[in-house]
Amino acid sequence: MTRWLEHHLPKAVLAPSFLAVLVFVYGFIGWTAWVSLTRSKLMPRYEIDGFGQFVRLFASPRWDTAFGNLFIFGLLFVVISLVLGLLLAILLDQRIRVEGVIRTIYLYPMALSLIVTGTAWKWVLNPGLGLEAVVRGWGFENFRFDWLVNSDMAIYTVVIAGVWQASGFVMALFLAGLRSVDQEIIRAAEVDGIPTYRIYSAIIIPSMAPIFMSAFIVLTHLAIKSFDLVIALTGGGPGYATDLPATYMYAMAFSRGDIGQAAASAMVMMAVVFAIVVPYLYSELRPRHD
Amino acid sequence: MTDFSTANRSMPPPPSRMRRTGGVKRALLRWLLFAGLGVFALFYLMPLFVMLTTSLKSLEEIRTGSLVALPRTVTFDAWHTAWSQACSGIKCEGLRPYFMNSVLIAVPAVAISTMIGALNGYVVAHWRFRGANIIFSLMLFGCFIPFQVVLLPMARMLGLMGLAGTIPGLIFVHVIYGIGFTTLFFRNYYVSVPGELVKAAKVDGAGFLRIFWSIFLPLSLPIFVVTIIWQFTQIWNDFLFGVSFSQAGTQPVTVALNNIVNSTTGVKEYNVDMAAAIIAALPTLLVYVVAGKYFIRGLTAGSVKG
Amino acid sequence: MPPILDIRNLYKSYGTTEILKDINVTIEPGDFLVLVGPSGCGKSTLLNCIAGLEDISGGAIHIGGQDMTDVAPKDRNIAMVFQSYALYPTMTVAKNITFGMKVRGVDQATQDHKLAEVARQLQIEPLLSRKPAQLSGGQRQRVAMGRALVRDPKLFLFDEPLSNLDAKLRVEMRTEIKKLHHNLGASMVYVTHDQIEALTLATKIVVMKGGVIQQIGTPSEIYNRPANLFVADFMGSPSMNLIPARTQRMGETTQIEIARPDGPPLVLQDTRRPDLPADIILGLRPEDIGAPGFRQGPLVQTSPCRVDVVEPAGADTYIVAHLGGKEVTARFHAETEAQPGSPLEFAFDLTKAAYFAPNSGERLN
């Protein structure tokens, strides 16, 4: 009896978590998928109605903006964060004495809530009293930096704040990667008289492909889920200019009372995340038979 | 777990990578390097600096002075207001009650999700049974879903459970969506514990729980620190669940901060906004400053699975 | 008295992969059984099955006459020493040794008494308050042994306990384990991939390959009468020469012809007239080939062979020649003067010669 219990205890320990994941992740995804196929409005209805919600979604100009913004924001955010992160990591890798301090400075934004980040940048970018005023105060009377309230440019302020928050993290990832490159290989290259920049471009950076991959995945994932930052920085505005799928979904679900649209937009987000994460996870989990 | 922390990396004195470049050129490069690093440091520090100085200025000085200037007269009025009087929506009780809400949410949610993660990780790493791999993959996968996809059903579920708009409801949500990561953390740490240790303990007569208690727990301090910090940062900084599943009175600090900043009643008090933002950020900043090494380890472990 | 360990028709598989196939082993009290084979042969799995750390898929394991199928490891009256020593890293040496007693609820006085006894026996008294990380490899090994000894079990199980030690320490510990076995009179099952360890320690050897037992026997039986090509090749160092040859019945003798790259084939006579097929593989250990006169007897025959390589090894010199398309190693005196490329007289002693079937690999004589 005790042996039987002992034998099944591990399963019993894992079971509640497994059930929770089954219900609250997969069950809920199923629910949302179902509802996205119905005519639910203020209250969920469960009669399947086909892809009407998705047709409505992609016909909506607001979603059009939000979905387009996802690609503008996502692309710029990911690329700039990667490039900046790598650059900072290489600069920091030069055996400088104050490395610890500088690393701490670069990385602290990652500890902040995106709401705090948004609030801070909203103030810094405030056209009347922020950076614009500072530069004008220096004598450049015609300087304009009103991206925050400019419908065409506002999405780029989200990029700025996002990069500010996440690039230090990318730096930390890359720095760890740079440091884990086999030192003997580097020494061998130095003995061969290969210049420093060639050592980086030909040996170190290519060996960090997996880290690029991880950083890319994390950043894309952050970009797609971005919600807090937009809410705090621009509130989706001016107008709908900085809406992202995440804010669109939230607006439909909680302020517009359009559950069908909310579910449909959530499913599209899900599809985008899966398109990126599934191949990654699959390749990561595959060779690990332990 | 692979130690990705860069903080405790020993730095042997191998030749500097820039040594072969000549003396003057080298000095110039060095100077450029520091200039570059300095400019970026300013970029990262500027918003914090601006927040801090703004929070210490009077509204009058904010309107007339420069954003980047130091306060002429330091005043803590804005901090007082932010803490106990600032208005979010119709109530004007400052951040304090919401700060307490966040504490009440974060502490139990971190504790529960970490304990569950430790046990799960122990099972997944050392007590494999048929299907354990699939269960783990499914849990891991759950970490990656955009939470928007569960917002609607979760809202209804909390309603059914009678937890809608309550702090226990938020604790529940954070625990549910936290165990994927905590399990991953502990699993990655525990797989590096040799399986022979478990076998030896079995031969010694210890069972499942005894082995966990006597052998694994004493080994686990570092991973507990990493996991607790990670979970605390996640939960404290959460906004999406907070704004979706709370109601007036149970909102966490991030939601209250956003409400204060965006409240349209009365004069816009930028100094109060900034003080409130700093207050909301303080706990996680503090954790970062005190235990940065573990914070980084959590970040890297969360993305570069071990 | 029932055998200490009795394994009958044991099968073990993971899914569709069979790891162990029809294993039958019996040992008597006081036996030192060594399971030896290349990595992946299933020897460690077999040990884990005996310990109860792995479930078996078929057959039965009896310890001291009792069926162990549903008995937990802790109730099998065994102790085990692991390859990595598996010392509990957060416990002191003393706690490591007494942990099992503590779990079983042995009273403190007995614990202290037994700890002191084992510590004295293994000379680890000064280490008792240290943590495993503060110990050298050899010391950890001793502590791991202590943890097993304190149990006073019916059966000791060792899973490659010496493979993490350096060469010198390994020889020392080997001697100590042998002494321990002698002093305790205990029964042991010992897994290793090192055939020298097997030959030195065992009273009984089980040679395994691919989950199948190849041969069971005393060290001398295994060494002198290997049951098949695998055992012949695996046991012994330098390993047995396995030379393809053709045979012919010639009246009172059997003639064995071995091709040589230069000149006529080498012809040996076995006067015992073994009944052999036309194609065989001749197994001859290097010590059974040497300088003319190195041994006397009716089955010793000499022939000149061209020297390929000369390998002085201190006490002996090994000389390699090409015979039957194989490199054949012979053991000569250390002082042997030989030049690669020039001919040398080799003497072949067929007294212990083994003949194998080329296809099945089974022994023919």
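Reply: Let's start with chain C, where buried residues make up 42% of the 365 residues. Keep in mind that this is a predicted model.

Me: What does the secondary structure of chain C come to, helices and strands?
Reply: Along the principal axes, the C-alpha atoms of chain C fill a box of roughly 80 × 45 × 35 Å. Within chain C, the secondary structure comes to eight helices and 20 strands.

Me: Which element gives the most to the side of chain B that touches chain A?
Reply: On the chain B side, 82 residues are in contact with 88 residues of chain A. By class, that side of chain B has 57 nonpolar, 21 polar and four charged residues. The element that gives the most, with 11 residues, is H1(B).

Me: How are H5(A) and H14(B) oriented to each other, and why?
Reply: H5 of chain A (residues 114-124) packs on H14(B) with the axes 9 Å apart, at an angle of about 150°. The cut-off is 145 degrees, and angles over it count as roughly antiparallel. So H5(A) and H14(B) are roughly antiparallel.

Me: Which residues of H5(A) make that contact?
Reply: The residues of this contact divide into eight nonpolar, one polar and one charged. H14(B) brings B:Tyr270, B:Asp273, B:Met274, B:Ala277, B:Ala280 and B:Ala281. From H5(A) come A:Val116, A:Thr119, A:Ala120 and A:Trp123.

Me: H14(B) also meets H1(B). Why are H1(B) and H14(B) called oblique?
Reply: H1 (residues 23-55) and H14 (residues 270-290) of chain B have axes that come within 8 Å and cross at roughly 125°. Perpendicular stops at 115 degrees and antiparallel starts over 145. The angle of H1(B) and H14(B) is therefore classed as oblique.

Me: What is the handedness of the crossing of H1(B) and H14(B)?
Reply: H1(B) puts B:Met51, B:Leu52, B:Thr54 and B:Ser55 into the contact, while H14(B) residues in it include B:Tyr270 and B:Asn271. By class, the contact has seven nonpolar, three polar and no charged residues. The crossing of H1(B) and H14(B) is left-handed.

Me: Now H4(B) and H11(B): what is the handedness of their crossing?
Reply: The axes of H4 (residues 96-126) and H11 of chain B come within 9 Å and cross at roughly 140°, and that makes H4(B) oblique to H11(B). Among the residues that meet are B:Ala106 and B:Ala109 in H4(B) and B:Phe224 and B:Phe232 in H11(B). The contact of H4(B) with H11(B) has nine nonpolar, six polar and no charged residues. The crossing itself is right-handed.

Me: Is B:Pro218 buried or exposed?
Reply: B:Pro218 sits in the loop between helix H10 (208-216) and helix H11 (221-237) of chain B. A residue with 12 or fewer C-beta neighbours is on the exposed side of the cut-off. B:Pro218 has 12 inside 10 Å, so it counts as exposed.

Me: Over in chain C, which residues does a cis peptide bond join?
Reply: C:Pro238 is found in the loop between helix H8 (229-234) and strand E11 (241-250) of chain C. With omega at about -5°, the cis bond joins C:Ser237 and C:Pro238.

Me: C:Ala86 has a positive phi; is C:Ala86 buried or exposed?
Reply: Its phi is about 50° although C:Ala86 is not a glycine. C:Ala86 lies in the loop between strand E6 (78-81) and helix H2 (93-104) of chain C. With 26 C-beta neighbours inside 10 Å, C:Ala86 counts as buried.

Note on methods. Residues are numbered from 1 along each chain as its sequence is written. Chains are lettered from A and ligands numbered from 1 in the order in which they are written. This is a predicted model: local features need pLDDT of at least 70, side-chain atom pairs count only at pLDDT 80 or more; totals for chains, interfaces and linings use all residues. Axes are lines fitted to C-alpha atoms, for helices over the stretch in contact, and angles run from 0 to 180 degrees between N-to-C directions. Helices (H or I, at least four residues) and strands (E, at least two) are DSSP runs, numbered from the N terminus. Angles under 35 degrees count as roughly parallel, over 145 as roughly antiparallel, 65 to 115 as roughly perpendicular and the rest as oblique. A crossing is left-handed if the near helix is turned anticlockwise from the far one by less than a right angle, and right-handed if clockwise. Two residues are in contact if their C-beta atoms, placed from the backbone, lie within 7 Å. Ala, Val, Leu, Ile, Met, Phe, Trp, Tyr, Cys and Pro count as nonpolar, Asp, Glu, Lys and Arg as charged, and the others, Gly among them, as polar. A residue is buried if 20 or more other C-beta atoms lie within 10 Å of its own, exposed if 12 or fewer, and partly exposed in between; C-beta atoms are placed from the backbone.
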